[in-house]
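Q: I have a model open here and would like to go through it with you piece by piece. Could you start with the charged side chains and then move on to the strands and helices?

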Amino acid sequence: MKKSLLIMNLIAGGMVLVFSVLALFTPFNFVGSTEQDVTDARFGWYYVDASGDITKKEADLHELEFNDDGTVTVSRTIVAGGLAGGDLCFISTNITFKVYMNGKLIYDFTPDLRRYMGASYGNLAHEVNMPYFDGDAEIRITAEKMGKDMWFGFENAVFQNSAAYFKAFIKENLWKLVFSFVTFLIGLFLVVLALFFEFRTRNKIEAVSIGVIAIILAVWSNSGTYMLETFSSDLGMVRMVNYGSLILLPLPGISLILCVTRELESITLKLMEILVGLNLLTHIIVIGFGLADYHDILLFTHFNFILAAVLGTFHVIRAFKRKRISESNQIVVLGTFGVVMSTGIVDLIFYYIGGGSDMARFTRVGLFIFISVLTIYEVGQLIEIRRKSYEADMMKRLAHQDGLTGLENRLSFNEFEEELKRKKEGCCIIVQLDINDLKKMNDNYGHVEGDRGIRAAAAVISESFEEPSRVFRTGGDEFIAVMKGTDKKRLLKDYERNEKKLQQAIEAYNKNEQPPVPLSIAYGMAECDCTSDDPEEKEKLADERMYEHKKMLKKGRAQA
């Protein structure tokens, strides 16, 4: 029943997962067309001079020429009925702007920069609704760039229905967001895995480093997609997380390399900790006091990134020369990390030569290889560790388990006895039990029948003294049951109930199985106050009472 219930739940969960994926990627077919026409809004603009007059100089909305004071004004004439959906949609980058129609302000974007945002806001998608008008209308945009020497301007400008624009925008970038989100979760999974499972210290550092690298690069690879910026309620927080992730990246990176090369005690780690700490402190001071923007001091972050790559390469080469890298898992980790590091450097080069606004397009590819290979590798490591742990647990259990009855053995009881001696609270009842006439079973009917009697005794004793009681086989025909508790009166009542259960279980066995020598068990108990009594003395007392009970049973059989 339990197995079928488990299978049913797995099937239900799998169906929901499959349907969710199909809902995202299966196209919906229909007759007709709901697509809005898209009119390119990049061209058709003219610059406006300082006096407010429209010049004859054409303007490219994606490549505006700003004045010396960092401002620009452009104008365009539109015709009623000629707009596709009636909205002007575009993405702005690090500029403030206002949109006018026929001299009337219809859109004003002047962000209130909080201290942690720096001097700009990054990227944001906009929809400027065109009010109803007849005939011709003039659209005028006045813009001012923010900060210095950074990306700024407009891009992806079109006249289109805003719902269709954002639908296409999400569709284009959704896979990047999903990839970043999944990578983030995998990284988090690896970190949790390392912290809560029994890894050795080096394996733990390795797994945590891989997980943190995945988390950081997942956050960074999402930059350039504009997805979080579009739907976040705080652009500054997104920007701070993006740049902050890069600041911290060298630490898990160099930790991973030093861990794999067996050089965790190297001064390189201390050096990177100091440099990353100084870089972080510099950002806090510079951004906190409004002295510059994240972009202005990005060079320090890139320096640390390159230095970590150089030092990491040095350690890898030295480890190969010293033959410290010979295991296949070391090569897998270093190889995949080398791929993601190389793609990151490529993105860094394109950043400085002006290769577009998506600064993580190559890193995303390297990250996919990195996270795919190493997730399989780390999960494989976990399975191997769990296998070895299971084998170790099995060996330990076998060492503490009686082979004939499956009960805990004398070694286990000795360890439990030491625990009782150290225990300073509560109470317990120690019950000594002994099988009567075991020698008679062995002599007259063979050891097979004797073993059967021992297993039967173990079964009725463990059945009578259920958990949380513990039952041990301490000798050939000797058993000990221990009942623990905090209330002595309640414990005594439980013992009386268990004693009756034992007698009934013995009677039921003899009646049902009809062994040639009826099963008979003598027992004696002693109360033990864990705060003051010596368990060994109480065991002796229970043993004495057990022998008294054995004599009484023997006398009863003789009279019968």
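A: A pair to begin with is K439 and D443, both of which are exposed, where exposed means over 50% relative accessible area, buried under 20%, and partly exposed in between, with a 1.4 Å probe and protein chains only. Please keep in mind that this is a predicted model, in which local features need pLDDT of at least 70 and side-chain atom pairs count only at pLDDT 80 or more, while totals for chains, interfaces and linings use all residues. Residues are numbered from 1 along each chain as its sequence is written, and side-chain values use heavy atoms, with hydrogens and water left out.

Q: OK, and what does K439 form with D443?

A: K439 forms a salt bridge with D443, with the closest N and O atoms 2.6 Å apart; the term stands for a side-chain nitrogen of Lys or Arg within 4 Å of a carboxyl oxygen of Asp or Glu. Both residues lie in helix α12 (residues 438-464), four residues apart, which is about one turn of the helix. Helices here are DSSP runs of H or I with at least four residues, strands are runs of E with at least two, and the numbering starts from the N terminus.

Q: How many salt bridges does the structure hold?

A: The structure holds 18 salt bridges. One of them joins the side chains of R42 and E63, at 3.6 Å from N to O. That pair links distant parts of the chain, 21 residues apart, since R42 is in the loop between β1 (39-40) and β2 (45-48), and E63 is in the loop between β3 (54-59) and β4 (71-79).

Q: Are those two buried or exposed?

A: R42 is partly exposed, with a relative accessible area of 23%, whereas E63 is exposed, at 55%.

Q: And what about R497, which residue is its salt-bridge partner?

A: R497 forms a salt bridge with D494, the closest N and O atoms being 3.1 Å apart. The two are separated by about one helical turn because they are three residues apart in helix α13 (residues 488-513). R497 is partly exposed, with a relative accessible area of 46%, while D494 counts as buried at 16%. As for networks, salt bridges that share partners join R42, D60 and E63 into one.

Q: Switching to strands: which ones form the open sheet, and in what order?

A: Six strands form an open sheet in the order β3-β2-β4-β9-β6-β7, and the pairing is antiparallel; two strands are said to pair if DSSP finds at least two bridges between them. β3 and β7 (104-109) stand at the edges with a single partner strand each, so one side of each is left without a neighbour in the sheet. Neighbouring strands of this sheet are turned by 30° against each other on average, direction ignored. Within the sheet, β2 and β3 run antiparallel and are joined by three bridges, and V48 has I54 in β3 as its bridge partner.

Q: What about β10, which strands does it pair with?

A: β10 pairs with β1 in the antiparallel sense over two bridges, and five bridges join it to strand β5 (residues 87-93), again antiparallel. T39 has F159 in β10 as its bridge partner, and T93 stands opposite G153 of β10. Strand β10 (residues 153-159) is mostly covered, with five of its seven residues buried.

Q: Last topic, helices: at what angle do α6 and α7 pack?

A: Helix α6 (residues 250-260) and helix α7 (residues 267-288) pack at about 175°, with axes 10 Å apart. That makes α6 roughly antiparallel to α7, given that angles over 145 degrees count as roughly antiparallel, under 35 as roughly parallel, 65 to 115 as roughly perpendicular and the rest as oblique. Axes are lines fitted to C-alpha atoms, for helices over the stretch in contact, and angles run from 0 to 180 degrees between N-to-C directions.
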